[in-house]
Amino acid sequence: MIPPKPPSRPGRVSLWRYLRLFRQDILSAQPARLYRAWMAEFRTPFFRSYLVNQPELVREVLNERPMDFPKSDRVGEGLRPLLGQSVFLTNGETWLRQRRIIDPAFEGGRLRDTFPAMLDAGRAAVARLDARAGGPVEIEEEMSHAAADVIFRTLFSIPIEHELASEVFRRFRDYQRTQPILNLAAFVPLPRRLPRFHRRRTVRAAGAIRALITRLTDDRMCEIKGGTAPDDLATKIMTTADPQTGERFSSAEMVDQVAIFFLAGHETSASALGWALYLLALHPEVQDRVAAELAELPPAPSFSDIAQLRLTRDVFREALRLYPPVPMMVRETTCPEHFRDRDIPQGSQIVLSPWHLHRHERLWDNPDGFDPDRYGTENGRQCLRDAFIPFSSGKRVCTGAGFAMAEGPLLLALLVKAFRFERIEGDDPMPVAFLTVRSRHGIRLNVSRRT
Ligand code: HEM
């Protein structure tokens, strides 16, 4: 059975209709030809934007010349009150310096230090679900809760139940309702002269979240000074000096980074886990094979135990392929470009679309089907190299990619070992791009204990 895919918009539409469709959902606003095209141009009286879908071009933009294609300021427009000068929004020298300080905390060896905190969060998720087992469960909510718990435990060594953590979690949810990451402004450039006002409610909500995060980072700074700080991600990042300048993050800059780790790190993982569980419910035969792979998994698995779970990892990969949590990314040209016989003026938008690349009909065998075994085939391996960018690629790749590829399979393994997930007839989710790719009306599955 083919997993749910949003219907494409029919044929040509007027600009205004396109904008209206876009506002409802950017996935179904696109024409079907984007699943076959190497490149597409959106030319309107106000702006030009180019969707790039050919592996060579994607590589040129992301891997070969990333500094020539910075993030467009407009993408961060709505997020700036919350994220300030966060690594997600900055460009050039500032961005390079921030990555030099952040990246070491996420390197392979140090991920192993983080693993026990992920495991604790995974076990807490199993315990929560156990209390609900025996009927339908809203899976997206459970996964949001679990992924937020992972972030708080790994970053600050506190569980989601901690008073400050749960307050941050609650306020982030409200904030996202007022300000989605993939806002229209990112794709529909307004003239630069036009002043833009952040809605008062958004600014107030951002201020409240930042005040809470400031309390967390200030407390941590005291613990670092007193020599009592736990060795978690926050301590690692706050004590790392830029190898080139010797400088550390100022308190304000650290608040910006914590805000993005939380925002980029929990919605995305939650989305992928929700879809992975739905895909397993849709394909019970694969779920049985995953359960068989987990039969020998010890109750307290190690980092290497999880790394050996091939099928579990490939199921998570298929969820990232079919429902990439970040469906599209936007860059800007800083000089005139020439792509596929087209002249692209300076200041144009370059849209990279994991959503379309991952389902490209000229690249993938069975592009819309769920098939975790594909990664053992020649086509699957080739596409993994050329047409799989759930974490982006190149210098600006997601800092949490390795983290997420440990977290996802771990949580999936703990959950599938404990429970059976079943589809509810007539209640299939429909993907839609909110902040991340989510189901329009949530994902409900019947959950029962395996033993
Ligand atoms: C399944 C989980 C995840 C997915 C699919 C994902 C995906 C992405 C993508 C596509 C980008 C690039 C966005 C762009 O260039 O416009 C990105 C950036 C980023 N992600 Fe993730 N992410 C995930 C988990 C995480 C986690 C767990 C963390 C941190 C704990 C994290 C932190 C970041 C940060 C800081 C950036 C900005 C990097 C930069 O611009 O230099 N992400 N992520």
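Guide: Arg 340 sits in the loop that links β5 (337-339) to β6 (342-344); helices here are DSSP runs of H or I with at least four residues, strands are runs of E with at least two, and both are numbered from the N terminus. The model is a predicted one, in which local features need pLDDT of at least 70 and side-chain atom pairs count only at pLDDT 80 or more, while totals for chains, interfaces and linings use all residues. Residues are numbered from 1 along each chain as its sequence is written, and side-chain values use heavy atoms, with hydrogens and water left out.

Most residues other than glycine have a negative phi. Arg 340 is partly exposed, at 43% relative accessible area; buried means under 20%, exposed over 50% and partly exposed in between, with a 1.4 Å probe and protein chains only. Ser 157 also has a positive phi, near 55 degrees. Its place is the loop between α7 (139-156) and α8 (163-178), and it is partly exposed at 39%.

Now to the ligand. Its iron atom has Cys 398 (SG) as the only protein donor, at 2.3 Å; donors are N, O and S atoms within 2.8 Å of the metal (3.2 Å for Na, K and Ca), and water is not among the atoms, so sites may look incomplete. Cys 398 lies in the loop between α17 (378-386) and α18. Among the 26 residues around the ligand, Cys 398 is one of those that come nearest, along with Trp 95, Arg 99, Arg 331 and Arg 396; to be near, a residue must have a heavy atom within 4 Å.

Polar side chains reach ligand oxygens as well. An N or O atom in the side chain of Arg 99 is 2.7 Å from one, an N or O atom in the side chain of Arg 331 is 2.7 Å from one, and a polar side-chain atom of Lys 71 is 3.3 Å from one. By class, the shell holds 16 nonpolar, six polar and four charged residues; Ala, Val, Leu, Ile, Met, Phe, Trp, Tyr, Cys and Pro count as nonpolar, Asp, Glu, Lys and Arg as charged, and the others, Gly among them, as polar. At least two shell residues come from each of α5 (92-102), α12, β4 (329-332) and α18, and α12 gives the most, with five.

Helix α12 also carries Glu 253, which is buried at 13% relative accessible area. The side chains of Glu 253 and Gln 98 are joined by a polar contact of 3.1 Å, meaning a pair of N or O atoms within 3.5 Å; within protein, one must be able to donate a hydrogen and the other to accept it, and residues adjacent in sequence count only if both atoms are side-chain atoms.

Finally, α12 (251-282) is one of the elements against which the buried residues of α13 pack, with α15 (310-322), α18 (401-418) and β8 (419-423); contact means heavy atoms within 4.5 Å. In α13 (284-294), the buried residues are Val 286, Gln 287, Val 290, Ala 291 and Leu 294. They cover an arc of only 145 degrees around the axis, so they lie on the same side of α13; the arc is that of the directions from the helix axis to the C-beta atoms.
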